[in-house]
Amino acid sequence: MEISIDVLIFYLVSLVVVGSACIVAFSRNIVHSAFSLLGTFGGVAGLYVFLGADFVAAVQVLIYVGGILVLILFAVMLTHRISDIDITNRTVGRIPGLVAVAVFLGILVYAIGETDWVKVKEVAYAPTTATIGNLFLGDYLLPFQIAAVVLLVALIGAITLSRKEIKE
Amino acid sequence: MDHPVQTDFLRWIVLFPLLGAAVNGLLGARIQERAGKRMVAFIACAPVTLSFLFSLWAYSRLLGLPAKERFLIDRFYTWIPMGSFSVDVAFWVDPLSAIMILVVSGIGGLIHFYSIGYMHDDRSMWRYFAYLNLFTFSMLLLVTGDNLLVMFVGWEGVGLCSWALIGFWYTDHTNTRAGNKAFIVNRIGDFGFVLGIFLLYWTLSGQGQGTLAFREIAEHVGLLADLELWGVGVATLVTILLFIGATGKSAQIPLYVWLPDAMQGPTPVSALIHAATMVTAGVYMIARLNGLFSAAPATLQIIAVVGAATAFFAATVAITQTDIKRVLAYSTISQLGYMFLAMGVTAYSAGVFHLLTHAFFKACLFLGSGSIIHAMQGEQDMRQMGGLRKVMPATFRTFAIAVLAIAGTPFLAGFFSKDAILWQAWATHNQLLWGVAVFVAGLTAFYMFRQFFMVFFGQCRADHHVQEHLHESPKIMTYPLWILAAGSVVVGYLGLPAFLGGSMLDHWLDPVIHVPHGEHHAVMEEVGVMSVSIVAAAAGVVLAWFLYYVRTPSRDESPEARGFAYRVLFNKYYVDEVYQFVFVGGTLLLARVGAAFDRYIIDTIVDGTAKVTTILAWFNGLFDKYVIDMLVNAVANVTFAVGNNFRRVQTGNINSYLYVVVGAVVVALIVKLRYWS
Amino acid sequence: MAAYVAMLTKVGLEHYLVVGGILFALGIYIVLTRRNAISILLGVELILNSAGLNYVAFSHFSTGNVDGQIYTVFIIMLAASEAAIGLAIVLAIYQLFATIDVEATETLKD
């Protein structure tokens, strides 16, 4: 039984995703958690590539790695003195949490295995950016516009929340 | 007409100034420090000069073509290729835009040179020139863009530069406020403009001809003929929306309020942006889309009335103003009103003609006033001036020529162009509008000569200190004045009336004006109409001579000493105050109403709900105490114990809530797999 | 046995779903156990990622069109705004309480 190279790579990437997600979950140091999130996000981007979603992969890298991660790191540094990181990343109720999650995951995997998924026969790999662009300005125009408004509101909200109150 | 000549040099007309703006904008501070202001000025003036030379080249190429085929196009690249919707960044030059690029780069170039003298004491000269170049770029983009979207980019660009230059001396709060006012008022107009573009594209694509290119719009105007939206013709609706954009940019009623305040900027800027070029963008846009506008007679009627009303309104305000630049600002609004009147009576080429002549004499007047303000050490109040004729001979002479031109002295530029508009208004049977326009011609002559006499004649009323320093401006400032003054004389001969040989400009513009010219008319009638306007202008001059030359104006002339009418005019009909009250006050009022609604209605409801709950709880308590307790005390104790235990569920802690959620999902999954699969 | 080997050597929809499930479970675990507001946000990001992964996997294997990818882009957009707002709230809380431990900020309970 031979294993082809792309399957091997899939397992490797999945390992990176799951492994770094584990570090995020179990690390005592919040900076380590935040940094290993990089592995998860990058790995998921890799999985997107496997799934033929080139545009989403690029967006994942740009937004998550380039934007959200940096934002989180900033927040970490703004709210902690680096020295007492160990103390502030407190974890409570590990055992019940683990048990609950393990049960949940078991059921989930069981459900995935049991379900008879709909599958298409031939899976085509084609560039998706143009298609997605057309859909955004066609069928998905309204959600697209609403997304723009949501982003604008989030922007304004973030500014008003985080700035110091100006006394009249 | 179907095959415009492809070229690839038109892009440079537009791109040179952008290059200058980029160099000065990004590196200007360092250049000015290392290589001096001369270098900065050179970097700014060279691209505009090159643009002008390239414009001349384009013009000569046009001349070489047969009249009906005079179109040059330069497809730069495809900007938005999206299915059926495609927009090119393409520049085109036809007879109409050829006039505009020559005016923008030519007069713009002169004003660049003039600025070297005017701004040479300013610390941030590089910033000034970067903005000015960026403005030239945007304006050239506006006039050469081959479709509405590219034009709109230029349209917004000039608005941005105008804002930046009005507030150029940003340390003074009034300047930045004036800039913001201009920007915000323009925004209202731009909103209409962009809606007009949307509606036009939407309707045309509904007919299978979705396009924004001017040439194709002109071809497909017929498709709009019978379409209606909410009971109004689509063509009317589109043109009204576009005209709203024009009222913002070209300072017409009701959106003209920003232009007088825009005079806070440096004077060359007032000359270039707020007199010669940017404010004429609206006129250009209508002339460019004349086929579309001609398909909407109702809109044309509105445009004509708005134009005449603006001309009258601004002219009456101008006769009382004492600030030298404000008089010119209101005069500009008034002259723009003339141009819109021309558009409204479908005299497109007459309107463009007036645009052209006005660019020359108004730029000359503004630059002249700049020269005066320069000499007066920043003083702009005409009551402090007087007698400058002897000290500043070059400024005096050029200013005089421009005043004569704008007042409508026979055989100068303003006379021919104004007469062309008046005649067209008469010939299209708009006698009432014609009457207003003739009256405004008289007013124009009056307020221009009032300014002329107050500034240059009589005794100098300035402080001793200022008087000692009075001087003529350097040559770099007076030469542009002379060129513009010469233009104010010569340009008029491009558009002679029919009985003096006919208008060259009409023939030149013929391929782009898609409406037939007015019917041939009697010579005697035209001469008669012309002489009426000459008489009106002469009356204005005589009145000004009597009031401001014979009776010398006093230094402390104040509006309070005059009658009611004078005060109303001096305060510009209190329009600013009304706008402040209605719009700014209205917005605040709306906010207060909202707050009051929140406080009294919403809060009352919330409080009421709370009260009802409290009362219910009280009854509940009574029930509990006297019924339950008395009946089964033990059960109450059990209930209490259970409640006390369950209280821990309500921890206020997200984590514990999530346990419940996870548990619920697990249960749901199990149920699903066990019993529904 | 052979069936399991075949399952391991050919990557299909289930594999991606399992990876997504693991990410989801870890995200839940973080939100369950952490007391640090920023850590909880990290967990939420994991959960959102797992949802996005599922969408793309289904789009690839089950529908064959790009609709699922579009939902993922919307999820990423939501994640971005959520992160911005969430972190702004965290900063505001930090300024108020000088801590971002979620148990220390339970003043609303009383």
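Visitor: Which residues does C:Thr72 touch, leaving aside those up to four places away in sequence?
Guide: Contact here requires C-beta atoms, placed from the backbone, within 7 Å. This is a predicted model, in which local features need pLDDT of at least 70 and side-chain atom pairs count only at pLDDT 80 or more, while totals for chains, interfaces and linings use all residues. Residues are numbered from 1 along each chain as its sequence is written, chains are lettered from A and ligands numbered from 1 in the order in which they are written. Not counting residues up to four places away in sequence, C:Thr72 touches A:Val56, C:Gly52, C:Tyr55 and C:Val56.

Visitor: Is C:Thr72 buried or exposed?
Guide: A residue is buried with 20 or more other C-beta atoms within 10 Å of its own, exposed with 12 or fewer and partly exposed in between, the C-beta atoms being placed from the backbone. C:Thr72 lies in helix α4 (residues 67-97) of chain C; helices (H or I, at least four residues) and strands (E, at least two) are DSSP runs numbered from the N terminus. C:Thr72 has 28 other C-beta atoms within 10 Å, so the class is buried.

Visitor: What is the separation of the C-alpha atoms of C:Thr72 and C:Leu53?
Guide: The two residues are 19 residues apart along the chain. The separation of their C-alpha atoms is 7.7 Å.

Visitor: What share of chain C is buried?
Guide: Chain C has four helices and zero strands, in the pattern α-α-α-α. Of its 110 residues, the buried share is 57%.

Visitor: And what share of chain A is buried?
Guide: Chain A has seven helices and zero strands. Among its contacts with a separation of 6 or more, 55% involve residues 24 or more positions apart. The buried share of its 168 residues is 27%.

Visitor: How are α2(A) and α3(A) oriented to each other?
Guide: Axes are lines fitted to C-alpha atoms, for helices over the stretch in contact, and angles run from 0 to 180 degrees between N-to-C directions. Angles under 35 degrees count as roughly parallel, over 145 as roughly antiparallel, 65 to 115 as roughly perpendicular and the rest as oblique. The axes of α2(A) and α3(A) come within 8 Å and cross at roughly 175°. The pair is therefore roughly antiparallel.

Visitor: Which element gives the most to the side of chain A that touches chain C?
Guide: That contact takes 74 residues from chain A and 59 residues from chain C. The chain A side has 54 nonpolar, 17 polar and three charged residues, where Ala, Val, Leu, Ile, Met, Phe, Trp, Tyr, Cys and Pro count as nonpolar, Asp, Glu, Lys and Arg as charged, and the others, Gly among them, as polar. With 14 residues, the element that gives the most is α3(A).

Visitor: Which helix of chain A gives the most to the side that touches chain B?
Guide: Eight residues of chain A are in contact with 10 residues of chain B. Six residues of the chain A side come from one helix, α5 (residues 94-114) of chain A.

Visitor: What is the bridge partner of B:Ile80 in β3(B)?
Guide: Chain B has an open sheet of three strands in the order β1-β2-β3, with mixed pairing; two strands pair if DSSP finds at least two bridges between them. Strand β2 (residues 72-82) of chain B and β3(B) pair in the antiparallel sense over nine bridges. In β3(B), the partner of B:Ile80 is B:Val87.

Visitor: Which residue does a cis peptide bond join to B:Ile253?
Guide: Most peptide bonds are trans. The cis bond has an omega of about 5°. B:Ile253 is joined through this bond to B:Pro254.

Visitor: Is B:Thr346 buried or exposed?
Guide: B:Thr346 sits in the loop between α13 (324-344) and α14 (348-375) of chain B. Its phi is positive, near 60°. With 23 other C-beta atoms within 10 Å, B:Thr346 is buried.

Note on methods: Two residues are in contact if their C-beta atoms, placed from the backbone, lie within 7 Å.
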